[in-house]
Amino acid sequence: MTKTGEKLFIKGNEAISRGAIAAGLKCYFGYPITPQNDIPEYMSAALPAAGGEFVQAESEVAAANMLIGAAACGVRSMTSSSSPGISLKQEAISYLAGSELPTVIVNMNRGGPGLGDIGPSQGDYFQSVKGGGHGDYRTLVLAPGTCQEAYDLVIQAFDLAFKYRNPVMILGDAILGQMKEPVITWTPEEKDENEGHGWRIVGAKNRPGRILKSLHLSEGALAKHNLMLKNKYEDMASFTQKEEYQTEDADLIIVAYGSIGRIVKSTIKKLRNEGHKVGLFRPITLYPFPSDDLKKLAEQGKKFLTIEHNLGQMVEDVRLSIRTIADSEFFGFYPGNLPTPDDFEEPILKALGGK
Amino acid sequence: MSEQEKLVFDRADALVDVPTHYCPGCQHGVAQRLAGELLTEMGLTENTLLVTSIGCSVFLYNYLNVDSVEAPHGRAPAVATGVKRARSDKFVLSYQGDGDLASIGMAEIMHCANRGENVSIIFVNNTVYGMTGGQMAPTTLVGQKTTTSPAGRNASKEGLPIRMSEIIGQLGGTAYSARVAVNNVKNIRKAKKAMKKAFEVQQKELGFGFIEVLATCPTNWRMDALKANERIENELIPYFPLGVHKDVTAEVED
């Protein structure tokens, strides 16, 4: 059991597992896939010891559907996987969103498309922030850049899931999952035992049966449901998080998230020492996207370069955020290779020089 | 009520007093009524968490007065697993059709049973996809005409119909597996007894409870209700024999 205030040297995958248990996780459903195997392995021993339930499901599909059952009961539930496995979970994620069930889904993004490789990638940005499954829905997406942030965000993810009755996704990658860093543990205050009271299924005593569903066949019912969801997603938009580093006097803002945001930060530190006015904007919430903060920077006349470990996905949201004021250039580091700070020096200098 | 008047029938409290959407002659209504009566008689109504599936039975949540959650197509056994793991103190019931359980949901039902999840699943086998308009199901009989097997099911191309009750009976985690029919009063009585067993093994935490109910689908069989009922006896039961395929309580009693 994780104690509060312990300083541990652990992988991102373990940080996420420990954070989830500290947050009061009751049910974890998993399936083996690299590079997230440390999570089900850790959970298989630690979660039953903490009084929870671990199930190695027969498939990613089944694991995600088990979430529907546990989430419907109002308990804190989680699954984790990596890209091809997340594709399989999308069916259930759509149902979770449609039925307004709170849960946490961890994606340790690996290279794609198809089987791709087992190395890091940011190729799942679209499938994470634009819905992923069928229908109009959104999941809250949190993108940690360090093992400590992974620990902290997974705790926050459970609170957000229950606040909005919506699935929350933690989007990491093979770098975050496999790298070891010091993490200082903490345990949130005792959670409300009645979490989910009023909507969870507990047995129909002295009231009519309660139905948690996404099917709305009667005339006008689905439109009403979709409007309600739209209002909820707009409400969620008030919750954004980002890190800004040396943006104040910067001529050029690099927009990058997760592990890449962190690697770019090293490049920026080096270029700052050489006198280049460059700063970092690292979105921590990918949905909702911190558009207003980016817009403020655009209004100050700054230039933008979006750097991602894919062929260009988040850059679309950056451009939408600053549209009519500014544009963003793009540099894509292709999945299949592991980037170092040096890899980003040339594209940043090029973008700076183009002023 | 006077002394001469005696209440001989009352609706079970687990059954909501509404007309169902089922077609005339459909036996879903009989199967779910048996389930509702048992929930009432066994005192389980307030403690039941129901997982509904996709197909004609999706609206079961409108007919049983219990808390329920809707599963995606075929995934009810996985959803039921999640419910039971979260609330092991509750009675978890699911109800699936043949397309849902024996085709798209084959992996989920097999592994739920094999893990020995303490849940009870009612499997209604009417040999067609009912809600989508009568397409071929994994239990469609050889030669049976459906909208996707217009010349009749061809065993050499489409395989033989799957006998689920026997397969589930082979799995280690199964506590009870039986096939019943509701085509006459005698069989309905037997069906209720078997269903009760499938519920009791969950209460006793002995493992997975499975009950396959052979049922009519007059609309998609293109038959009237009487002919459809005769088909149960003349065509379905010979291929899908009624009986108990596993009962761990019987083994204990021996």
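Hi everyone, let's start with chain B of this predicted model, which has 11 helices and nine strands. Its radius of gyration is 18 Å, close to the 18 Å that the globule rule gives for 254 residues, so chain B is as compact as a globular protein of that length. Of its 254 residues, 55% count as buried. As for contacts in chain B with a separation of 6 or more, 67% come from residues 24 or more positions apart.

Now let's bring in chain A and look at where the two chains meet. The contact takes 34 residues from chain A and 30 residues from chain B. On the chain A side, the elements that give two or more residues are β2 (27-30), β3 (53-56), α3 (60-72), α4 (83-98) and β9 (211-212). Which of them gives the most to the side that touches chain B? That is α3(A), with eight residues. By class, this side of chain A has 20 nonpolar, seven polar and seven charged residues.

Two bridges join β9(A) to strand β2 of chain B, residues 67-70, and the two strands run parallel. One residue pair to click on here is A:L212, whose bridge partner in β2(B) is B:V69. Eight strands form the open sheet, in the order β9(A)-β2(B)-β1(B)-β3(B)-β4(B)-β8(B)-β7(B)-β9(B), with mixed pairing. Which strands are at the edges? They are β9 of chain A and β9 (243-247) of chain B, each of which pairs on one side only. Further along the sheet, five bridges join β1 of chain B, residues 48-52, to β3 of chain B, residues 91-97, and these strands run parallel. There, B:T52 has B:Y95 as its bridge partner in β3(B).

Next, the domains of chain A. The assignment gives domain 1 as 7-189 + 227-236 and domain 2 as 243-353. Taken over C-alpha atoms, their centres are separated by 26 Å. How many residues does each domain bring to the contact between them? Domain 1 has 27 residues in contact with 21 residues of domain 2. On the domain 1 side, the elements that give two or more residues are α5 (125-129), β6 (140-142), β7 (167-173) and α7 (174-178) of chain A. Here α5(A) gives the most, with four residues. The residues on this side of domain 1 divide into 13 nonpolar, 11 polar and three charged.

Finally, a few backbone details to look up. A cis peptide bond joins A:T34 and A:P35, with omega about 10 degrees, and A:P35 is in the loop between β2 and α2 (38-49) of chain A. Another cis peptide bond joins A:G112 and A:P113, with omega about 0 degrees. You'll find A:P113 in the loop between β5 (103-109) and α5 of chain A.

Then there is A:E100, which has a positive phi of about 55 degrees although it is not a glycine. A:E100 is in the loop between α4 and β5 of chain A. Is A:E100 buried or exposed? With 20 C-beta neighbours inside 10 Å, A:E100 counts as buried. Over in chain B, B:T127 is not a glycine either, and its phi is positive, at about 65 degrees. B:T127 lies in the loop between β4 (120-125) and β5 (128-129) of chain B. B:T127 has 30 other C-beta atoms within 10 Å, so B:T127 is buried.

Note on methods:
Residues are numbered from 1 along each chain as its sequence is written. Chains are lettered from A and ligands numbered from 1 in the order in which they are written. This is a predicted model: local features need pLDDT of at least 70, side-chain atom pairs count only at pLDDT 80 or more; totals for chains, interfaces and linings use all residues. The radius of gyration is taken over C-alpha atoms; the globule rule is 2.2 Å times the number of residues to the power 0.38. A residue is buried if 20 or more other C-beta atoms lie within 10 Å of its own, exposed if 12 or fewer, and partly exposed in between; C-beta atoms are placed from the backbone. Two residues are in contact if their C-beta atoms, placed from the backbone, lie within 7 Å. Ala, Val, Leu, Ile, Met, Phe, Trp, Tyr, Cys and Pro count as nonpolar, Asp, Glu, Lys and Arg as charged, and the others, Gly among them, as polar. Two strands pair if DSSP finds at least two bridges between them. Domain bounds come from an automatic or database domain assignment.
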